[in-house]
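Colleague: I have a structure open and I'd like to learn how to read it. Can you walk me through it, one feature at a time?

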Amino acid sequence: MWTRKTRTVLTILGIAVALELVIMMTTIVDFTERSMQSELAKYSGAGQIYVRSHEVAGMAGHEFPPVNSILREEEGRQIIGEVAEQVDMELTTPLIFYQLAPPPYPNAAPEALLVAVEEDKVSAYIGEEPVVKAGMPAFSGANAREVILGPMASLYFGEPDVGDEIQIIGEPLRVISLIEGRNMEDRLTMNVVLMPIETAQSILGQSESISAVLITSARLDTVGSLAENIRNNHPKVSVLTQEDIAANLDTILGQTRFFFNMINYTVYIIAAVVVLIVMIMAVTERTKEIGTLRAIGASRWLVLRTILLEALLIGIIGSIFSIPVAFVIDVSIGYGLREIVDAWSLVQILITAVVLSALAAVIPALRATRVNPIEALRYE
Amino acid sequence: MNEIIRAEGLKKVYQLDEVEVPALRGIDMTVEHGDFFAIVGPSGCGKSTLLHLFGCLDKPTEGRVFFNGKDVSTMGDSALTRIRSRHIGFIFQTFNLMPTLNAKENVALQLRLAGIKGARASRMTEEALERVGLSDRMKHLPKQMSGGERQRAAIARAIAKKPQLILADEPTGNLDSHQGIHIGELLANLNTEGQTIILVTHNTEIAANARRIITMRDGQIME
């Protein structure tokens with residue numbers, strides 16, 4: 001009895017832990033998906049177009065931010081000049097992107113990203129109403145050795161105060177403002193190290209090159225034709241509209257989802273195999289009892305149903321236990337599971353686990369129906 | 001015709017790998033309602049095999065078994081299961097009670113398999129346990145009972161549904177002589193009340209409780 005209880009408890013625990021893993025994986029996928037959707041939403045209706053050099057070989061989709069793009073500044077300014085009448089010039093600027101610190105995990109944004117804009121076009125990149133924590137997000141001049149830091153970048157540079165100097169590629173720059181993201185998923189603002197474009201060119205030693213041009217269309221309905229015009233006039237550059245960025249995010253999301261789904265399927269298979277092994281052992285151990293039941297009049301169907309019900313019960317109890325386990329782990333790492341995983345996803349995971357538990361028991365249950373009562377009664 | 005079991009030319013051969021082992025070499029016999037048959041003989045003489053054929057647990061290699069006039073040797077598994085659940089009570093050497101169920105639940109389980117449920121099942125369970133002297137042990141698990149008590153619980157399980165036939169396979173084999181005698185007397189009393197019993201044993205003292213004793217040797221009835 002004790003052996004059976006221990007094994008049953010361990011099986012339930014195994015299922016609970018496996019499901020907890022599935023819930024966490026689903027959480028991560030949901031988190032990534034929402035993060036990307038949120039990022040995408042930032043461009044929605046903004047009428048923004050990014051002009052950059054053609055993609056570097058081996059890169060998937062339209063990489064954003066285009067840190068590997070190099071454009072001649074002269075060409076960038078020429079493009080702006082050509083479309084000047086159709087765009088909002090206040091929100092149109094050449095850009096430099098430079099990765100100061102690598103992403104903390106794959107497919108994430110860099111931890112600290114140098115972004116350079118024309119000295120009076122700060123709002124072109126961080127929006128017209130940024131959340132300011134300290135200081136004024138406005139540069140004093142084109143050559144000002146000044147930076148505006150996003151929260152993650154601030155953390156990377158040791159949380160300086162406004163007025164402090166920080167070293168970027170060996171050059172001292174003064175922090176003039178600290179800004180906050182609109183929310184935890186605001187990837188454009190979180191990691192930004194914003195500075196005037198001439199300052200960045202001086203620090204990076206690339207006086208005549210930029211990474212891209214940010215163009216904000218004056219009218220939302222002309223974004224497509226504007227992008228098309230630029231493509232026609234400058235076949236050597238790449239033009240990214242919101243749709244391109246969406247496609248890029250979708251590709252990344254697809255890869256992430258595939259990766260985590262593979263882990264989820266593996267976990268489900270492991271949980272099913274655990275149930276299968278436990279039920280085979282249970283049937284083998286109870287050969288005598290099953291044989292007795294058959295002898296005194298239990299039908300094959302009743303035996304089958306009993307074994308399947310037992311597995312189903314193990315699956316249900318394991319599933320129920322997995323929820324508090326997931327929440328305890330969630331609270332301990334502060335992941336915000338309750339806000340991210342919706343009830344329907346949770347229900348789907350639990351139903352899948354319970355159904356898999358029952359399916360895993362089909363083979364042992366069929367084996368139980370084939371127990372010969374005579375052999376079982378001889379079994380001592 | 002008052003027969004419950006009739007065997008005609010029963011033969012049973014077991015196939016062990018390449019070797020054929022004959023267990024029964026042609027049995028003809030009839031058991032009538034109200035009989036108390038004891039089948040005795042040395043180990044391996046085929047008495048348990050014969051009991052399994054009478055109990056619809058196995059099929060003969062040759063010959064036929066009739067239960068209440070119906071040929072059960074050609075019936076399918078479902079039909080045989082139904083006969084076992086409703087008309088035959090089994091008593092085993094090693095009791096074969098469900099270890100996780102108490103005495104009352106063990107008896108009730110048999111009644112449920114026979115299709116008897118609810119208050120009627122509860123009343124029949126208690127009657128059966130009272131009949132074998134286990135009224136005060138109803139809530140006890142098998143491991144909390146002595147060997148004799150376990151076998152009496154197993155007998156209660158067998159008689160509760162009021163079967164037409166009770167088959168007892170070495171019911172005293174795992175008991176001391178005192179408990180064995182008590183079980184033998186209990187079976188005799190049940191027969192006095194009209195219960196048909198076929199008992200397989202190699203204990204002649206227990207067999208003496210039966211009305212008719214047949215001796216088997218090498219798969220055949222000797223007398």
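Colleague: Let's start inside. Which residues touch the most other members of the largest nonpolar core?

Modeller: The general idea is that in soluble globular proteins, nonpolar side chains tend to be buried together. In this predicted model, the largest nonpolar core has 108 residues, and A:Val275, B:Ala156, B:Ile198 and B:Leu199 touch the most other members. Helix H1 of chain A, residues 2-43, provides the largest share of this core, 9 residues. Apart from that core lies another, of 54 residues, including A:Tyr50, A:Val192, A:Val213 and A:Ile245.

Colleague: Take one of those. What is B:Ile198 in contact with, leaving aside its neighbours within four places in sequence?

Modeller: B:Val31, B:Phe37, B:Ile39, B:Leu51, B:Phe54, B:Leu165 and B:Leu167.

Colleague: And A:Val275, where does that sit? Which residues of H8(A) are buried?

Modeller: A:Val275 is one of the buried residues of H8(A). Others among them are A:Gln242, A:Ile245, A:Leu249, A:Asn264, A:Ala271, A:Ala272 and A:Met279. Helix H8 of chain A covers residues 242-285, and at 1.5 Å a residue its 44 residues should span 64 Å. The end C-alpha atoms are 63 Å apart, which agrees.

Colleague: Now a charged residue, B:Arg150. Is B:Arg150 buried or exposed?

Modeller: Count the neighbours. B:Arg150 has 25 other C-beta atoms within 10 Å, and the cut-off for buried is 20 or more, so B:Arg150 is buried. In chain B, B:Arg150 is found in helix H5, residues 147-160.

Colleague: What does B:Arg150 touch, not counting residues up to four places away in sequence?

Modeller: B:Phe95, B:Leu97, B:Pro142 and B:Met145. Compare sequence and space, too: B:Thr94 is 56 residues from B:Arg150 along the chain, yet their C-alpha atoms are separated by 9.0 Å.

Colleague: On to sheets. How do I read the pairing of strands?

Modeller: Strands of a sheet pair through backbone hydrogen bonds, either parallel or antiparallel. Chain B has an open sheet of 4 strands, in the order S2-S1-S4-S5, and the pairing is antiparallel. Strand S2 (19-32) and strand S5 (70-71) of chain B each have a single partner strand, so they stand at the edges with one side lacking a neighbour in the sheet. Strand S1 of chain B (residues 3-16) is joined by 5 bridges to strand S4 of chain B (residues 62-67). To find that pair on screen, look for B:Ala7, which stands opposite B:Val65 in S4(B).

Colleague: What about chain A? How many residues of strand S11 of chain A are buried?

Modeller: Strand S11 of chain A, residues 212-216, is mostly covered, with 4 of its 5 residues buried. Strand S1 of chain A (residues 48-53) runs antiparallel to S11(A), joined by 5 bridges, and there A:Tyr50 has A:Leu214 as its bridge partner. Strand S3 of chain A (residues 93-101) also pairs with S11(A) in the antiparallel sense, over 3 bridges. In that pairing A:Pro94 partners A:Val213.

Colleague: Next, the place where the chains meet. How many residues does the contact take from each chain?

Modeller: The size of an interface is often given as the accessible area lost when the parts come together. Here we can go by residues: the contact takes 16 from chain B and 12 from chain A. Helix H2 (77-87) and helix H3 (103-113) of chain B each supply at least two residues of chain B's side, and H2(B) gives the most, with 5 residues. By type, the chain B side divides into 6 nonpolar, 7 polar and 3 charged residues.

Terms used:
Residues numbered from 1 in each chain as written. Chains lettered and ligands numbered in written order. Predicted model: local features only at pLDDT ≥ 70, side-chain atom pairs only at ≥ 80, totals over all residues. Contact = placed C-beta atoms within 7 Å. Nonpolar A, V, L, I, M, F, W, Y, C, P; charged D, E, K, R; others polar. Core = buried A, V, L, I, M, F, W, Y, C linked by C-beta atoms within 7 Å. Buried ≥ 20, exposed ≤ 12 C-beta atoms within 10 Å, placed from the backbone. Expected span 1.5 Å × (residues − 1). Pairing = 2+ DSSP bridges.
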